Amino acid sequence: MLMKTEYLLPLCVLLPMAAAPVVYSLRRRSARLGDGAVTLVCLAVLAAALYLARMPACRLAVPDLFLQGVSFASGGVRSLFGLLCAFMFTMSSLADPAYFRGEPRCARYDAFLLLTLGGILGVFYAGDLFTLYICFETMSLASWVWVAHNETEAAQKAADTYLAMAMIGGLVMLYGLFRLQHMLGTLDLGALPELAAACGDRQGLFLSACCLLVGFGIKAGMYPFHVWLPKAHPAAPAPSSALLSGILTKSGVFGILLIITCLLWGDRRLSMILLALGTVTMVLGAVLAVFSVDLKRTLACSSLSQIGFILVGAAMLTTGEETALAAGGIVAHALNHGLTKLVLFIAAGVLYKHKHTLDLNELQGAGRSCLPLKICFLLGAMSLAGVPGFGGYVSKTLLHESIVEQIHLASGSAAGLLEGVEWAFLISGGLTAAYMTKLFVKLFVQKPRSAGHPVRIDKGSLTAIAPAAAALLLMGLRPAQTYEKIAAFTAESLRSAPFAVHYFSLENLKGAAISLTIGALVYLLFVRGLLTDHRTGDYVRATALIDLEDDVYRPLLGLTAFAGAFAARLAYSLTDLVVRLGAALMNYKAPQRVKPGEDHHFGRYSKEYVRVGAISQTLQFELMLFGIGVVVTLVYLMFKL
Amino acid sequence: MEFLMLFAILFPMAAALGLCSRRISGDLRLLHGYVFGAALVNSLALLYVTFFARLEPVTLLHFTQGLDVTLAADGLSRVFILIIAVLWPLTTLYAFDYMKHEGGEPRFFAFFLLSYGVCSGIAFAGNMVTLYMFFEMLTLATLPLVMHKMDDKARFAGRRYLLYSMAGAALGFIAIVFSYVYGSGGGFVLGGTMGTAFDAQTANTLRVAFTLAFFGFGVKAALFPMSLWLPTASVAPTPVTALLHAAAVVKAGAFACIRLTYYTFGVELLRGTFAQYIPMAAAIVTIAGGSLLALRQNHLKRRLAWSTVSNLSYILFSVTLMSNLALKAACMHMLAHAFIKITLFFGVGCILVTTEKEYLDEIGGLAGRLPVTFGCFTIASAALMGVPPLPGFFSKWIIGTAAGYDGGWLPIAGIAALMFSAFLTALYLMSILSRAYFPANGQIGRGERLELTWMAPVQVLLCVLIVCMGIFNQDLQSCLDLWLF
């Protein structure tokens, strides 16, 4: 063995970052060469990630780097997320050449793609929170370029929002890290669980963890920090939308899992917060997706909703009791969601490339004639909707079961609350089915308005999405051999145990049946009934009652800026007042023009005697007075001797 | 070479007498050549005699036993001679342009040369009697210069100047008496001529005498409470205000205070007593008060005159700290302030003579028409404010250091006053510059350049000297160490 396994960890992070400038110059020279290089780097990273996942967990610390020292670790959920990440980047890079054909500034995109890859792998493979923070910020900044890439007005605004949220999140997180470092003395993830459990200052620990939660929650798209997500994902190019939705949000989820397992294991308050915010995110995302008439926006809102599902699972995990199903559900759903969004977004990119629009009404029937695309999209949609036999069904069943389990454990009002959550869960699942049906029917079933070039899918994009779509179906058919193995692989890192579930039992099928029934009803009655203009067959564009960003955050920010500036002006004008007061005092009755004293007589020769008023005005008199004074002083001094 | 000391005193006086001749004073070009030649020759003689010759004290006259007129040159003389020997010829050049504006040149230049001789005498004075003699002569020789215009305002200023100076000299006379009665009465020695073997009462009497004499000589250095004559004297022609009332006469006052403190009474006798603290308190009050009043003045020359009052007390404050470092600091600031303040006055005089403007609110935008003048004014302002690496910074730094070493509460208050004054210095100088460069109407004055033949080069030369003094400050300091101790 020439190389130890742990050296692969920093390699995974540094290789893409180091390759970024090389790829930049290559891509500027030749499109083929550049795209090839990107795929090659991604493949290398994928191979490394695969190897890391196969080997036992390992860690590597570099003590003297960056003041604090950085460290990396693999194993369990890290390895799985790292592998998923490398896989999605590789697949997405395959779709790049077709999507970016004839577009400007591709070199920039490729370079920042690789930078982000390095950053995000660093997040997953970080051995301590300091390393994680550095990589997290790198990832945030590098992926900002994706959002702004199209340089349209919408993209600019989305990028501004994204950057602002990322910065705020990063700083809040940093504050939390400072607090943790101060309280526990280390940020090493291996040592944190014990130290946190032994920590006496529960309130302080909870607040620090909440700071981290804000940082990670922003990245995950958790309500109420989700505002950037439905704007940023559609604004980015399709391959990067897939990555933003599919894997960047997972870095937030991963962070939240770290908070749960390392800092606040079994903390009821955190559980309640996650449950509340997760439920809101889950329902809100689904409702927004039902109303949306923009293809990528629908998918982005769907991402919100799916993150909500995962957060509800995380809330179940936080309770610290009977966590096996929740842990498995989270991992499985994160995996499914990543793969599904890869398929759906890249499919959306193919359609966009042909029709140059994302409006569902204009895209009507666009994919009808392209069978491979249709099949892949259908597989993705069915998985997302949770149809039995697909991956989505498995993960949702696990999450659902974990809620049911908690209902059994809880009592009284808590049980009632959880039952409410369970219903919200089922309804959200139904809404998922409804909006995916809406998308599929509109894009692939209805007849196109006008005859145009039929959409064709290129080989690269097909290679990118077909394996993921097939995996969703195949893994969904044999959950015990796939999802349970994966769950067992990650169980220890999530402080839970392996499990076995009868997925196709009547009990579990009932949940799916309820969801799908709700979905069918919503689609038939609401989408087809109320949201469709019956004369043209178009979906009605619904206007939002309230936009959290435009109606709350931006005015709040403006108000804060105004208040701050006002206070500062007030404070400074006080100083100014003092200065002015001082100046006024200083120059009170200051002579603007000098009127020098005058003396008409001194040193003047005159023929006749000049009468000089009183004697006291003469120089002689003044000198005489002074002379007397001096003489008196002298006499006094002499006398004293 | 000892005769050269006498030469440096008598030659300008003789040259002044030469101006009685109609042949010389009738022709302006000849007059200029004659005066500048005389000043230059005297400066060369002064510089040669002080820096290249080893001199023994020379006694010229014996009045009675122990009371004699003696000439001698030591390190402190060199500092003072450096100031007058460099500045006198330069001011003469400046005055050629300026006095065309005022008139009465023969009389002016006659007394101007006469004062040069007297100042040399002060520098070479070897004991208290000689110093006192030349000190009185200085008052009389410069009185006609202050009263040059001979209008009622000039008469008023002259009378005030005369009164204050004579009163001061009378107080100074006390010191002579006591130093001769209780001291050896010999020449100046660093550490004093008095010795320390006194009983407590005698020592206290001597301290009272010292305090009175300090205030007496301090009058020429505009020490509180006798500062008022200096701003009043700013009605004199600018070369007089610049050279005599910013450099030579007022520095003679400070010079006499140093002679009195360090070379006659000696710091051993005075340190830690009221004889140290009363003058120090007066100096601190003057530092702050002078700057405050400078800020109040709208009249440019008076503003600078009050600034001089404040800066002279930097020197006197340093003198009253009574340590070797403080002595060096006093000499340093004497040098720095002389060169800086004369440049500032030259600038204001240049404005006055070319545009007839003498108030702050009238000079808006003038920098455009007097670029060289204001350029030099800016550099000198920066130097006075204490912008490193210009000399004002270093001198204030050493003064502050010396005060810090002392460590008493009064010296610390002095440092505070120094800071406060530095802040005000920035205010009262920057307000002049900001008016000149950034006028209220936003228009820098365009039009023909107003600078005159001799004025601009003199100002530039002075600026170069100031900058050199800052850059080679380390060498200057080691020179001072070598000369003084």
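User: Hi! What is the relative accessible area of Asp361(B)?

Analyst: Hello! Asp361(B) has a relative accessible area of 35%, so it is partly exposed. On this scale, buried means under 20% relative accessible area, exposed means over 50%, and partly exposed lies in between, with a 1.4 Å probe and protein chains only. This is a predicted model, in which local features need pLDDT of at least 70 and side-chain atom pairs count only at pLDDT 80 or more, while totals for chains, interfaces and linings use all residues; side-chain values use heavy atoms, without hydrogens and water. Residues are numbered from 1 along each chain as its sequence is written, and chains are lettered from A and ligands numbered from 1 in the order in which they are written.

User: Got it. Which side chain does Asp361(B) meet in a salt bridge?

Analyst: Arg593(A), at 3.3 Å from N to O. That pair crosses between chains: Asp361(B) is in the loop between helix H14 (324-355) and helix H15 (371-385) of chain B, and Arg593(A) is in the loop between H20 and H21 of chain A. Helices (H or I, at least four residues) and strands (E, at least two) are DSSP runs numbered from the N terminus. A salt bridge here is a side-chain nitrogen of Lys or Arg within 4 Å of a carboxyl oxygen of Asp or Glu. Arg593(A) is partly exposed too, at 41%.

User: How many salt bridges does the rule find across the interface of chain B and chain A?

Analyst: Three. One of them joins Asp599(A) and Arg159(B), whose closest N and O atoms are 2.6 Å apart.

User: And how many residue pairs are in polar contact across the interface?

Analyst: Eight, with both residues at pLDDT 80 or more. A polar contact is a pair of N or O atoms within 3.5 Å; within protein, one must be able to donate a hydrogen and the other to accept it, and residues adjacent in sequence count only if both atoms are side-chain atoms.

User: Which elements of chain B give two or more residues to the side that touches chain A?

Analyst: Helix H7 (152-182), helix H8 (200-218) and helix H12 (274-296) of chain B. H7(B) gives the most, with 16 residues.

User: How much area is buried between the two chains?

Analyst: About 3000 Å², with carbon and sulfur atoms giving 64% of it. Arg155(B), Arg159(B) and Arg296(B) supply 24% of what chain B buries against chain A, more than any other three residues. Buried area is the accessible area (1.4 Å probe) that two parts lose on being put together, summed over both.

User: Switching topic: which salt bridge links distant parts of chain A?

Analyst: Arg59(A) and Asp188(A) pair at 3.5 Å, N to O. Arg59(A) sits in strand S1 (residues 59-62), while Asp188(A) is in the loop between helix H6 (153-184) and helix H7 (192-198) of chain A, 129 residues apart.

User: Where do Asp576(A) and Arg580(A) lie?

Analyst: Both are in helix H20 (residues 548-586) of chain A, four residues apart, about one turn of the helix. Asp576(A) is partly exposed at 37%, whereas Arg580(A) is exposed at 57%.

User: Last one: where is confidence lowest in chain A?

Analyst: In helix H21 (residues 619-640), with a mean pLDDT of 80, while helix H8 (residues 202-220) is highest at 91. Chain A averages 85, and 97% of its residues score at least 70. pLDDT is the predictor's confidence in each residue, from 0 to 100.
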